[in-house]
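Let's take a walk through this structure, starting with its open spaces and ending at a single residue.

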Amino acid sequence: MSALFEPFALRGVTVPNRVWMPPMCQYSAAPEGPDTGAPNDWHFAHYAARATGGTGLIIAEASAVSPEGRISPYDLGIWNDTQVEAFGRINRFLATQGTVPGIQLAHGGRKSSTDRPWKGGAPVGPEAHGWQPVAPSPLAFDERHPVPTELTVAQIKEVVGQFVDAARRALAAGFEVAEIHGAHGYLINEFLSPHSNHRTDAYGGSYENRTRFALEVVDAVREVWPDDKPLFFRISASDWLDDGGWTPDDTVRFATELHAHGIDLLDVSTGGNASGVRIPIGPGYQVPFAARVKAETPMPVAAVGLITEPEQAAKILDNGEADAVLLGRELLRDPSWARRAARALGAEVHVPDQYHRSV
C-alpha cells in the first residue's frame with residue numbers, strides 16, 4: 001500500500017492518512033455584525049463534505065488573528081468567542097468522521113482589505129467594509145493596492161499577542177493542529193522577504209532581523225499551544241524573483257531554525273509576495289521545493305502544487321519527496337478524492353455508514 005494511506009503521527013496527534021486539505025478562503029463570512037468572521041452553514045457544508053469524503057486532515061481557511069488581519073471583509077477570524085463557538089460545531093462533526101481539524105492563523109498585512117475574487121479582488125475602503133492595511137514597510141503590493149502603514153515596534157508586539165490569543169481560541173474551538181501562515185505575501189512573509197521588508201531597525205535588513213518577527217510569533221504560539229499538539233508553518237519557498245527576494249536557500253536555512261523552535265511540519269508553497277512574476281506552473285511544480293527541505297533538514301514537509309491524480313500523489317510520498325500532500329483545487333472539484341484515490345490504489349479510507357452502499 002502506498003504511504004498515501006498510512007497514518008502520520010506528529011506529537012500526540014495521528015492523522016489517518018496523508019491526503020490533506022490546505023487552507024482555501026471561501027470569502028463567505030459576514031463582513032459586519034455579531035457574526036463577523038464566524039463560519040456559517042456554507043463553511044459547515046464545505047468542510048463536512050471533505051471529511052465524509054475521507055480527507056485525513058482539513059486545515060480551515062486563513063483565519064485572521066484580528067479584524068484588520070483579514071484578507072477580505074468576508075474572511076473568517078478567530079479573534080472572538082462567537083467565532084470559537086461556530087468553529088466548534090464544525091470540528092465536532094469532523095471528529096465523528098475521523099478527520100483531524102486544523103486551522104491556519106493568519107494576518108494579511110499589506111494584502112488585506114480586498115474584495116472577493118469573483119468581484120475582482122480589488123482593494124476596498126471603509127464604504128465597502130474595508131480598512132487601512134499595515135505592513136513591515138510602507139510599500140504597496142502593486143499599483144492597485146494602497147500604501148500600507150508601517151508597523152511600529154510596539155504594534156509588532158501587539159500582533160504577536162494577537163497570534164497568541166488566536167491560538168488559545170483555536171484550542172478552545174477543538175482544533176488539533178494549528179498552522180502559522182508565513183506565505184503568499186501576507187504579513188509574516190512580508191517581514192521575511194527583502195523585497196517587501198525595507199526596515200532599518202531590529203526587524204529589517206539582515207536575514208536574522210527579517211526572520212525575527214516570524215520566530216517571535218512561533219515561540220509565543222508554541223508557548224500556549226499544547227505540547228501534545230503539532231504546530232505547522234506555511235512558507236513561500238521562493239518569491240520567484242531573480243534577485244532581491246526570499247530564496248529556496250533561505251527556506252532551507254529557515255526550516256532548520258523553525259524545527260528548533262518547535263515547528264513540527266513545514267507546509268511548502270511558493271510565490272504571492274511579488275506581483276508580475278512569471279511562475280512555471282505545471283503538475284507538481286512546487287513539489288521540488290518541499291523535497292529539498294525534506295532532503296536537507298530534519299523538518300517533515302507537506303507538498304502542494306497541481307497535485308491531481310492518485311498515482312501522482314502516491315509517487316511523491318513513495319519517492320520520499322514529502323510526508324503528506326495538500327490538495328487544494330482538486331478537493332474543491334472532488335470532495336471525495338481520498339475515497340476515489342483509495343479505490344484506485346487498493347487502499348481504504350473511512351466511509352460513513354450512510355455511504356456504504358457506494359463502496
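This is a predicted model: local features need pLDDT of at least 70, side-chain atom pairs count only at pLDDT 80 or more; totals for chains, interfaces and linings use all residues.

Residues are numbered from 1 along each chain as its sequence is written, and side-chain values use heavy atoms, with hydrogens and water left out.

Start with the largest pocket, which holds about 1,200 Å³ of space. It has 42 lining residues, and Pro23, His184, Tyr186, Arg234 and Arg329 are the closest to its centre. A pocket here is an open set of points on a 1 Å grid over the protein atoms alone, where a 1.4 Å probe fits, with protein on both sides within 12 Å along at least five of seven lines; lining residues have an atom within 4 Å of a point. Helix H10 (residues 329–333) supplies the largest share of that lining, four residues. Helices are DSSP runs (H or I, at least four residues), numbered from the N terminus.

Now for the second largest pocket, at about 160 Å³. Its lining includes Ser66, Glu68, His107 and Gln132, and helix H3 (residues 153–172) gives the most, with four residues.

Finally, look at Ala338 in helix H11 (residues 337–345). Ala338 counts as buried because its relative accessibility is 0%, the cut-off being under 20% relative accessible area (1.4 Å probe, protein chains only). Leaving aside residues up to four places away in sequence, Ala338 touches Phe5, Val19, Gly53, Gly54, Thr55 and Val349, with contact meaning heavy atoms within 4.5 Å.

Definitions and conventions:
Grid points are joined across faces, edges and corners, and a volume is the space filled by probe spheres set on the points. Helices (H or I, at least four residues) and strands (E, at least two) are DSSP runs, numbered from the N terminus. Buried means under 20% relative accessible area, exposed over 50%, partly exposed in between (1.4 Å probe, protein chains only).
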